Amino acid sequence: MIAVATIEHDAELMLRVREGDSQSFALLLAKHRAPVIHFLYRMIQNQAVAEELAQEVFLRVYRSRASYEPTAKFTTWLFRIASHVALNHIRDGKHERNQESLDQDSDEGMSRQVASTGPTVEQQMLREARFEEIRRTIQLLPAKQRAAVLMHKYEEMEYAQIAAALECSESAVKSSLFRAYETLRAKLAHMNR
Amino acid sequence: MRIRLLLVLALAAADLWAQPPMAQQARALEKLRRMAPEEREQALQDMPPARRRMMEQRLERWNRMAPARKQRLQGSLENFRQMKPEDQEHLRGLVRKFNETMPAGKRVEGRRALTHLRKLDPEGRKKFLGSRRMKERFSDGERELLDEMAQSMPD
Amino acid sequence: MNAKNNSCPMQNENAEILLSYCARTLEPEQVIQVEKHLLGCAECREWAAGQQAVWAAMDTWEPEPISADFDAALFARIAATEQPSAWERWTAPVRQFLQGGFGWRPMLSAGAVALTLVIALSIENPFRKEPPVGQSVKLEAHEIEQAERALEDLEMLRQLEAPEEETSL
């Protein structure tokens, strides 16, 4: 266990939550809300479901406050919960049922991109096609590989942290990441050349 | 006091009875929206999981909409409800076909085209659908579908 | 990292260093080393260019905006789980009374006042507004169907709008 004197700020806040300080929970939520929701959104590719799952994640964090021990970095612990929730959601097959809204979300994302920059119709269509290709390619990765890539790319987590979050060895994470990036390189590398 | 209570109950019952189906639906939706998440979960627990999931997603989407957009869609819904039931069903079928047959990327363009088509008279629609850009982007069948949808949509 | 090494770039720890290089997480000295290697190793150059292209493509994937009421909904859920059950709430005064927490006279008075208030509020204000979001509301089975129907049709009508009009979401 890490000595209390040297624990990171988030873990300290979580220990205060354990003591009943709800203000500290609000601080943790404010800091980690966006990364968790964004991770879940990219995993599930449906914003409404991602927010629902994120609620579940933070609810679990809150419910676990009494038994919380700062044995790992808070972010690692948080993303372990988030990964669990996302992978369970996908495993239970609920993911497939979100297909309809996945397309709708895609439309919204595209329209926002288009609206913000005001490109020509051709540029719009090209951007839409590229955006769609990125989403679809990432969605085709096996769930655990996808989680590893998203944590590595967007959360800038180290291999050891990703391994702890996904409850596997560091070498398994590296192997997952390389396989995933190989797939992505084969399908996406042409885009920015 | 008792008479007053009975009168109030009678008025409330009459009010409910007199409500058109549209108002009842809006009222039911508003009630659902206002429920606490735990209560909503309990209220919907007997629904089949897929239907329930779909309903929750749609409710979430509705909750996130800007008030102006909600108002606009409520207006469209009122107009839709004033259509004959067979016309309503026909439009539902067209939308299903649109979603099932057109690729996701193309649907965005399709929706833009629909919005434009609805502003045109029959002659303008024909001209727009026959334009080079539309022909390059959509197949004959897709353009026919867009035309039929534009004509079947409520104001 | 030898340019002549036939295991280059993907066979051993080289790939890890290259991946970190593309992710821009290497120390400056390591960056110099890798760039020196890239000059002489076409395979690694190719690999790194592909990885950087993937990285750049992924950078364009902006997340969706988060609902404004996310925190409120979460706190409501937390409050709901923290609250005692209905049975505990209703029986709390009786249990306190039985444990000797209250005298019977003040409890009787409080009960009478509460009862009067409940009756007065439910009768005198029959057209009161809908409760705010998150408060207790009952929904009948037929109302669930009505709400479902409304949501289904609203969703269909939403899909018929041009995506530009969704920027107000």
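**View 1. Burial and surface of chain B in the predicted model.** Of the 155 residues in chain B of this predicted model, 45% are buried. The accessible surface of chain B amounts to about 9000 Å², and carbon and sulfur atoms account for 53% of that area.

**View 2. Helices and contacts of chain B.** Chain B holds 10 helices and zero strands, and along the sequence it reads α-α-α-α-α-α-α-α-α-α. When contacts in chain B between residues at least 6 apart in sequence are considered, 56% of them join residues at least 24 apart.

**View 3. The largest cavity, lined by residues of chains B and C.** From chain B, its lining takes B:Arg58, B:Arg61, B:Trp62 and B:Met65, while chain C contributes C:Leu151, C:Leu154, C:Glu155 and C:Arg158. At least two lining residues come from each of helix H4 (49-64) of chain B and helix H7 (141-159) of chain C, with H7(C) giving the most, namely four residues. Sorted by class, this lining comprises four nonpolar and four charged residues but no polar ones.

**View 4. Helix H7 of chain A, a mostly covered element.**

Notes
Residues numbered from 1 in each chain as written. Chains lettered and ligands numbered in written order. Predicted model: local features only at pLDDT ≥ 70, side-chain atom pairs only at ≥ 80, totals over all residues. Heavy atoms only, no water. Buried < 20%, exposed > 50% of the residue type's maximum accessible area, 1.4 Å probe, protein only. 1 Å grid on protein atoms, 1.4 Å probe; cavity = no way out; pocket = protein on both sides within 12 Å on 5 of 7 lines; lining within 4 Å. Nonpolar A, V, L, I, M, F, W, Y, C, P; charged D, E, K, R; others polar. Contact = heavy atoms within 4.5 Å. Areas by Shrake-Rupley, 256 points an atom, 1.4 Å probe, with all protein chains shown as cover.
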